[in-house]
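Welcome! Take a moment to look over the sequence and turn the model around before reading on.

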Amino acid sequence: MVRCVQLVMGPAGVGKSTYCAALQQHGMVSRQPVHVVNMDPAADALAYEPAADVRELITVDDVSDELALGPNGALVYCMEYVLEDVEWLEEVVTSFVDGDWVVLDMPGQVELYTHFECVRELIRLMERQMEARCCAVFLLDASFLGDASKFFAGALTAMSAMLQLGVPHLNVLSKVDLVKRRLPDRGVEGEEEPWMVVPGEEEREEAFEGALERFLLPDVPALVAELDAKMDARFRALNARVGALLEDYSLVQLVPFSSTDEEAIADAMLQVGMLLQHDEEREVRPQPEWEGTV
Ligand SMILES: Nc1nc2c(ncn2[C@@H]2O[C@H](COP(=O)(O)OP(=O)(O)OP(=O)(O)O)[C@@H](O)[C@H]2O)c(=O)[nH]1
């Protein structure tokens with residue numbers, strides 16, 4: 001019996017809950033059971049009907065009041081609490097049947113995935129004790145990736161999470177419909193970017209594809225040149241190295257997603273399915289010697 005668990009992560013407001021809701025709805029239509037679990041102890045309203053909710057166990061408000069912790073400290077405390085009181089998660093995950101998808105809507109504090117141990121430990125426990133096969137879905141907001149420095153910052157953060165968590169990883173470019181909406185109706189004279197010259201709907205579609213391609217198939221030397229142009233010359237060697245790193249990293253797929261586009265939702269589900277399937281024959285990850293046990 002193997003449960004497929006995807007951890008949906010990324011910065012606050014990137015669209016994690018909306019992605020989870022879209023998957024849940026699409027799952028109903030495509031007959032792929034998708035159970036969304038809210039793992040954010042600070043969540044307000046949810047965009048989906050949760051199969052389980054971590055707030056049944058603990059909330060950030062409980063912790064901040066009782067232990068006088070700030071919002072970040074309280075959140076880390078909550079996640080460590082989930083890890084210690086792991087029976088709650090075990091009961092949730094093991095209640096689903098083989099082939100079902102369990103989607104964990106994770107909190108928006110990126111340090112949880114890049115610095116702290118708790119999420120990594122949770123993954124190890126799910127894989128060892130709950131017969132789960134985990135993958136990470138990291139969302140990057142397309143509307144913030146408008147320039148080279150934001151693109152590099154987002155890609156490096158996603159890469160840090162990939163290295164820290166050590167599970168199959170998919171980057172999803174969220175809110176791509178906003179890229180389209182922000183395209184100008186008319187061309188701007190003198191602008192070099194091809195997507196700025198857009199007289200009609202067909203050209204607009206082409207322009208959208210062009211704008212998206214910049215992130216999906218990034219021209220890294222051009223992005224490095226853009227960085228060089230606005231930063232002090234002493235950063236050039238660093239920019240070149242970061243660019244070279246991302247040239248390798250761009251081999252990791254970036255899947256365009258919009259909650260308003262059925263085709264994009266179906267494609268994201270397909271990509272995650274392929275990621276999990278590809279991972280199916282792999283033995284459960286051995287525990288590295290340096291890793292402690294919980
Ligand atoms: N246009 C558009 N808006 C979106 C999309 N996905 C999310 N949003 C909007 O972005 C805002 C934040 O979305 P959420 O799904 O709540 O983001 P989140 O990452 O769960 O946020 P936190 O729980 O605060 O970390 C909401 O207003 C959504 O309606 C999308 O694909 N297209």
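The report below walks through the sheet, the core, the ligand shell and a few single residues.

## Before we start

This is a predicted model: local features need pLDDT of at least 70, side-chain atom pairs count only at pLDDT 80 or more, and totals for chains, interfaces and linings use all residues. Residues are numbered from 1 along each chain as its sequence is written.

Helices and strands are DSSP runs (H or I of at least four residues for helices, E of at least two for strands), numbered from the N terminus.

## The sheet

Let's begin with the strands. Two strands count as paired if DSSP finds at least two bridges between them. Seven strands form an open sheet here, in the order S3-S2-S4-S1-S5-S6-S7, with parallel pairing. Strand S3 (52-53) and S7 stand at the edges with a single partner strand each, so one side of each is left without a neighbour in the sheet. S3 pairs with S2 over two bridges in the parallel sense, and Asp53 in S3 is the bridge partner of Asn38.

Now follow strand S1 (residues 3-9). Seven bridges join S1 to strand S5 (residues 132-141), and the two run parallel; here Met9 stands opposite Phe138 in S5. S1 is also joined to strand S4 (residues 101-105), by five bridges and again in parallel, and Cys4 has Trp101 in S4 as its bridge partner.

How well covered is S1? A residue is called buried if 20 or more other C-beta atoms lie within 10 Å of its own, exposed if 12 or fewer do, and partly exposed in between, with C-beta atoms placed from the backbone. In S1, seven of its seven residues are buried. Arg3, Val5, Leu7 and Met9 point one way from the strand, while Cys4, Gln6 and Val8 point the other way.

Val8 also belongs to the largest nonpolar core, which has 79 residues; Val8 and Val172 have the most contacts inside this core. Helix H7 (residues 148-165) gives the most to this core, with eight residues. A nonpolar core is a set of buried Ala, Val, Leu, Ile, Met, Phe, Trp, Tyr and Cys residues joined through C-beta atoms within 7 Å. In soluble globular proteins, nonpolar side chains tend to be buried together. Two residues are in contact if their C-beta atoms, placed from the backbone, lie within 7 Å. Not counting residues up to four places away in sequence, Val8 touches several residues, including Lys16, Tyr19, Val103, Asp105 and Leu139.

## Around the ligand

Which residues are closest to the ligand? They are Gly15, Lys16, Ser17, Thr18 and Gly108, among 18 residues that surround the ligand. A residue is near a molecule if its C-beta atom, placed from the backbone, lies within 6 Å of it. Helix H1 (16-30) and helix H8 (176-181) are the elements that give two or more residues to this shell, and H1 gives the most, with three.

The shell divides into five nonpolar, nine polar and four charged residues. For this count, Ala, Val, Leu, Ile, Met, Phe, Trp, Tyr, Cys and Pro are nonpolar, Asp, Glu, Lys and Arg are charged, and the others, Gly among them, are polar.

H1 also holds Ala21, which is partly exposed, with 19 other C-beta atoms within 10 Å. Leaving aside neighbours within four places in sequence, Ala21 is in contact with Ala47 and Tyr48.

In helix H4 (residues 87-94), the buried residues are Leu89, Val92 and Val93. Seen down the axis of H4, these buried residues fall within an arc of 90° (taken from the directions from the helix axis to the C-beta atoms), so they line one face of the helix. On the other side of H4, Glu87 and Glu91 are exposed.

## Residues in loops

Most residues other than glycine have a negative phi. Arg31, although not a glycine, has a positive phi of about 60°. Arg31 lies in the loop between H1 and strand S2 (34-38) and counts as exposed, with 6 C-beta neighbours inside 10 Å. Glu131, also not a glycine, has a positive phi of about 45°. Glu131 lies in the loop between helix H6 (118-129) and S5, and with 14 C-beta neighbours inside 10 Å it counts as partly exposed.
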